[in-house]
Amino acid sequence: MEILNTIFSEATNKALVNVVYILASVLFIFGLKMLGSPETARKGNLVSAMGMLIAVVVTLLDQSIIDYKWIFVGLVLGSLVGVIAAMKVKMTAMPEMVAIFNGFGGIASLLVGSSEYLLSAQHNTGILVPIFLTVVIGGLTFTGSLIAYGKLSGTITGNPVIYKGQQWINGILMVALLFLGIEMIALQGLLITMDWQILVAAVALSFLLGVLIVIPIGGADMPVVIALLNSYSGLAACAAGFVILNNVLIVAGALVGASGLILTNIMCKAMNRSLANVLFSGFGSVISVGGSSTEQQGEVRPINVADAYLILEAASSVVIVPGYGMAVAQAQHSVRELGELLEENGSEVQYAIHPVAGRMPGHMNVLLAEANVSYDQLIEPDDINPTIETTDVCIVIGANDVVNPAAREDPQSPIYGMPIINVDKAKTTFVLKRSMAPGFAGIENPLFFKTNTRMLFGDAKDSITSLVSEFKT
Amino acid sequence: MDAVLILLLFVLVLSIFLGVELISKVPSILHTPLMSGANAISGITIVGAILTSRAENIESELSFALGMVAVFFATVNVVGGYLVTNRMLGMFKKK
């Protein structure tokens, strides 16, 4: 920029920009650190946003930029869309929101990589490798996120899409991408003469790959997919950093990449499955019947609201276990109201939240926080299980697989070994459910037939609201 | 490989380790805001997008246009990501 140039020499200017980038990186690191505790999290997010702001401002001051008009058009339009989306989105729709934002990050990195590729006159390996990676990772993040968005919002089927030879097709696609990579980086247009042809082919193949790797994954496995796509969007930014040799992109991208990978790992552990199993098994596509489930099936004991009320009224400890069904029924506010009434009645109320409940990591916590539940009442399975035997009543709201005792007892069950919330060990357990249909993973749940289980059939929100009105009369 | 590249790889490796250390300590109740907050950070690619409009790039109209579309998408990612995270975190209260 003219003004800066008159004050500083160009070299000083470059150094200044880089110092600000270091500062931005430090702010990102502090921001993420502060996100580690509910007391400081909000401030942490602001610190991180501040880092982003100074990075953007100092970049705009770069003297080599000569056309600002279109940059501002992009910034203004982007901000407008971002603000509207962030303000309007419902908390229950947060998973698809995060998915689509991931996708936007991915496509932005792809575009940056493409722009640099078309521009760079001398193609050396040092720049071609990261360009290729940026395009491929950015591309598959984009379409993968769009598919995840479609599945989460119900635009396309949430069931796994499985077809014959799926692994083969994905394999062939990856080999094709690899060859294209070699053509772009090592052969540099020996087979395909035009740069743009190579680029278009790489974009097309990575778009296709993104679609194909997400469609076979079922709705219940979405927390893993979103975490993984989150990681990819960071890695794409990181690769873009190597294209333009910019340290702040590399640091920020790597932080996000690492964060997504850790979340992916936590989600997989919480389901006792490997990442490969989540990605390739098409889990939940077949209604699998556990080996001994037919024998375990016994009598189902329904209960009505009036009887449930009598038991709850006498309970001194209540644990509420929410699942995706609570989000679908939008029941979080009624649940909080019930929780408060139970507390007024002298019960100790806690919410047991499984890491993979819902459609993204931490989904249930956000919904309950939205409904004004104090966050110190939101408890992880490891902290609730040791005392669950002394709990008077567990209320399971729209959760299924995360409370399925088959995970503990039935080695034939597909979810055997998955850590669960042991609601079957509580004195009484209410299961709020529409019908006896199995959960999203399609697995029979012996919990429904236990002698201490009572089934409260109907829409979760209606049932909770009825319980609330029983307490009020 | 030149010295700059080595240095950047060094930065990359250290950042990954740092990221792992930072995120491992986040409790599961904050996983959603962590994810959307991290997602906003991945919008840092906006810096790369802005830099595509530097002098030598204006020559190539296609290259420039791609960069400006990138500015748009990255801005949505950044602005939307930080705002929605802020909105979520504002709901986490202790009574």
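In what follows, helix axes are lines fitted to C-alpha atoms over the stretch in contact, and angles run from 0 to 180 degrees between N-to-C directions. Helices are DSSP runs of H or I of at least four residues, strands are runs of E of at least two, and both are numbered from the N terminus.

Good morning. The structure before you is a predicted model, in which local features need pLDDT of at least 70 and side-chain atom pairs count only at pLDDT 80 or more, while totals for chains, interfaces and linings use all residues. Residues are numbered from 1 along each chain as its sequence is written, and chains are lettered from A and ligands numbered from 1 in the order in which they are written.

I begin with helix α9 of chain A. The axes of α5(A) and α9(A) come within 9 Å and cross at roughly 25 degrees. The two helices are therefore roughly parallel, a term for angles under 35 degrees, with over 145 counted as roughly antiparallel, 65 to 115 as roughly perpendicular and the rest as oblique. Their crossing is left-handed, meaning that the near helix is turned anticlockwise from the far one by less than a right angle; clockwise would be right-handed. Among the residues that make this contact are Gly105(A), Gly106(A) and Ser109(A) of α5(A), together with Asn230(A), Ser233(A) and Ala237(A) of α9(A). By class, the contact of α5(A) with α9(A) has twelve nonpolar residues, seven polar and one charged. Here Ala, Val, Leu, Ile, Met, Phe, Trp, Tyr, Cys and Pro count as nonpolar, Asp, Glu, Lys and Arg as charged, and the others, Gly among them, as polar.

How do the axes of α6(A) and α9(A) cross? Helix α6(A), residues 125-153, has an axis that comes within 8 Å of that of α9(A), at a crossing angle of roughly 155 degrees. That makes α6(A) roughly antiparallel to α9(A). This crossing, too, is left-handed, and its contact comprises 19 nonpolar, six polar and one charged residues.

Helix α9(A), residues 222-243, also meets chain B. Its axis and that of α2(B), residues 31-42, come within 9 Å and cross at roughly 20 degrees, so the pair is roughly parallel. The crossing of α9(A) and α2(B) is left-handed. On the α9(A) side stand Ala227(A), Asn230(A), Ser233(A), Gly234(A) and Ala237(A), which meet Met35(B), Ala38(B), Asn39(B) and Ser42(B). Two residues are in contact if their C-beta atoms, placed from the backbone, lie within 7 Å. The contact of α9(A) with α2(B) has four nonpolar and five polar residues, and no charged ones.

I turn to the whole interface between the chains. In total, 94 residues of chain A are in contact with 79 residues of chain B. The elements of chain A that give two or more residues to this side are α2, α3, α4, α5, α9, α10 and α16. Which of them gives the largest share? That is α5(A), with 17 residues. The side of chain A that touches chain B divides into 58 nonpolar, 28 polar and eight charged residues.

Chain B itself has five helices and zero strands. Its C-alpha trace spans about 60 × 30 × 15 Å along its principal axes.

Lastly, the domains of chain A. An automatic or database domain assignment gives domain 1 (2-280) and domain 2 (293-472). Their centres, taken over C-alpha atoms, are 37 Å apart. In the contact between them, 20 residues of domain 1 of chain A meet 19 residues of domain 2 of chain A. Helices α5, α9 and α10 of chain A each supply at least two residues of the domain 1 side. That side has 16 nonpolar, four polar and no charged residues.
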